[in-house]
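Please keep the model open while going through the numbered points.

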Amino acid sequence: MFLDSSALAKAYLDEEGSSSMRGVLEGRRHMLFVSDFVVLEVLTSIRNSLRSAATVDFTHAVDRFEADHLRLSKVDVAPEIQKAAIEMTTPFRSARARSMDVLHVATALWLQRNVCLPGQVMTIVTSDHDLSALARDCGLRTFDPSREPLAALPRVRR
């Protein structure tokens, strides 16, 4: 399962989908992957969301994320993945996905080819509608913790 920052940040903030995202992290029914860019994206999201919050609340959220992200499997966005993302821009030119969205989908597709069991489909956990649409167009599953109950998360064969 690949975690996008739009969903992962919810685990450290109080907003719609936060409890579902915490459930994804706590349940750990799946191997959880993030790209090396997601760490910076989540920290930036926490900073932006808690800019006017008490320092203790901000520090607590960052500390929880730093503890969790050490247990996530990081995927370096290698030249092979970057090339695949660039190649996706033509066949999916009508997609509204932004550059980081395309990189995340390319990373999830790489994981599907190189990590998943045969016949298994990678799931991207995201609350970004445009990323989700591109992921589905590429044959990936999606899960939005803001809109779907945790029980809707696909089970993975081991």
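1. Helices (H or I, at least four residues) and strands (E, at least two) are DSSP runs numbered from the N terminus.

2. Two remarks on the basis of this note are needed. The model is predicted, and local features need pLDDT of at least 70, side-chain atom pairs count only at pLDDT 80 or more, while totals for chains, interfaces and linings use all residues. Residues are numbered from 1 along each chain as its sequence is written, and side-chain values use heavy atoms, with hydrogens and water left out.

3. The buried residues of H5, which spans residues 79–88, are Ile81, Ala85 and Met88. They fall within an arc of 60° when seen down the axis of H5, and therefore line one face of the helix; the arc is that of the directions from the helix axis to the C-beta atoms. These buried residues pack against E3, H6 and helix H7 (129–137), where contact means heavy atoms within 4.5 Å.

4. Helix H3 (residues 36–49) has the buried residues Val38, Val39, Val42 and Ile46. Because these fall within an arc of 105° seen down the axis of H3, they line one face of the helix. Their cover includes helix H4 (55–69), strand E3 (73–75) and helix H6 (99–114).

5. How many salt bridges does a search of the whole structure find? The search finds eight, a salt bridge being a side-chain nitrogen of Lys or Arg within 4 Å of a carboxyl oxygen of Asp or Glu. One of them joins the side chains of lysine 83 and glutamate 87 at 3.2 Å, N to O. These two residues are four residues apart in helix H5, so about one helical turn separates them. Lysine 83 is exposed, at 52% relative accessible area, whereas glutamate 87 is partly exposed, at 47%.

6. Arginine 98 and aspartate 130 also meet through their side chains in a salt bridge (3.2 Å, N to O). This pair links distant parts of the chain, 32 residues apart: arginine 98 is in the loop between H5 and H6, and aspartate 130 is in helix H7. Arginine 98 is partly exposed, with a relative accessible area of 44%.

7. In the salt bridge between arginine 147 and aspartate 144, the closest N and O atoms are 3.6 Å apart. Arginine 147 is exposed at 63% relative accessibility, while aspartate 144 is buried at 10%.

8. Apart from neighbours within four places in sequence, leucine 25 has contacts including Leu3, Leu8, Tyr12 and Leu72.

Technical notes: Buried means under 20% relative accessible area, exposed over 50%, partly exposed in between (1.4 Å probe, protein chains only).
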